[in-house]
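Please walk through this structure with the confidence values in mind.

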Amino acid sequence: LSDEKVDPSGTVFPACYSFVLGVEATNSQNIKASFSNYDPSGPVAYNNKHGYNYEIKAPGVNILSTIPGGNYRNLNGTSMATPMVSGAVAIMKSNNSALTNDEIFARIIQSSKNGVLQIKDAIEYDLKPSLFYQSTVVVDTLKTNPGDGDFLPDAGEYVGISFFVKNSGSKAENVYAKLKLGEFEDPSVATVVTDSINLGNIGIYGTLGHTENPLVLSISPNVVHGRSIVLEYEIGATNTNQKVKGSFDLRVTNAEELVGILSGEKTLTSDKLWVV
């Protein structure tokens, strides 16, 4: 499917969806053509605000094509680039009828050079796992050491941290996730209780999480309200050398409720959120 724009009514044309193989057009220097749409988040991820996910590029400038009347003309467009990808898919299917659509997608993407289609390489390519971090889920409803159930990381709580991981390559075996405090983080603010977890296997274009068995972080009761704790993660699998590393901030809530009749003196300090 060639790439298309989103019209004023908000309708998303097919190639904008994440489950189709979108095609960008390139010129003779393998550079994106000026008229072509493109995916700002890259060939696989689709976390941009538009949800676009174009996966491959192919020549689309000055392509000789047929026109009515039995004549030929050089034309430009993603409509010129897309048939090349369609032809590559047909050749791959003809060469190996057992290939699934997901395998074809992954082979075309992984074998590309700077995102540009390489038909011969796609046919012969030895597919590899390709892991991507998608999102993080934080819960305070652990079976052991449960918190107050507001799904916020509160001072003094044990919280569970789960990652959702996507694989856009061949089967990833024994996928793991690791967690630690940031390199320059103060170790007194939190302790990583469970620092690694096995997620299992992920198939091609599969997504896997581990909310039932999360990594566990213990937050100090003295953390100032609004303090962000920097955490680092590593995601990998036993059948690939790829390691996905990154960091994120966990913003801590330190609140105290003032309920009923209060007698005596009470000093409201700036290190807490006071809820009346």
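What follows covers confidence, aromatic pairs and a glutamate.

This is a predicted model: local features need pLDDT of at least 70, side-chain atom pairs count only at pLDDT 80 or more, and totals for chains, interfaces and linings use all residues. Residues are numbered from 1 along each chain as its sequence is written, and side-chain values use heavy atoms, without hydrogens and water.

The protein chain averages a pLDDT (the predictor's confidence in each residue, from 0 to 100) of 89. At least 70 is reached by 91% of the residues. Residues 1–9 fall below 50. Beyond near neighbours in sequence, this stretch still has 33 contacts (heavy atoms within 4.5 Å) in the model. Where pLDDT is low, the predicted coordinates should not be read in detail.

The structure holds 6 aromatic pairs. Rings of Phe, Tyr and Trp (its six-membered ring) pair if their centres lie within 6.5 Å; planes under 30 degrees apart are stacked, over 60 edge-to-face, the rest tilted. One of the pairs is F163 with Y233, tilted, at 5.3 Å centre to centre and 50 degrees between the planes. F163 lies in strand β6 and Y233 in strand β12, so the pair ties together parts 70 residues apart in sequence. Strands are DSSP runs of E, at least two residues, numbered from the N terminus. Y233 also forms a tilted pair with F248, at 6.4 Å and 35 degrees. F248 sits in strand β13. Y133, F163, Y233 and F248 form one aromatic cluster.

E55 is found in strand β2. The side chain of E55 reaches the backbone nitrogen of G22 at 2.7 Å.

Note on methods: Helices (H or I, at least four residues) and strands (E, at least two) are DSSP runs, numbered from the N terminus. A polar contact is a pair of N or O atoms within 3.5 Å; within protein, one must be able to donate a hydrogen and the other to accept it, and residues adjacent in sequence count only if both atoms are side-chain atoms.
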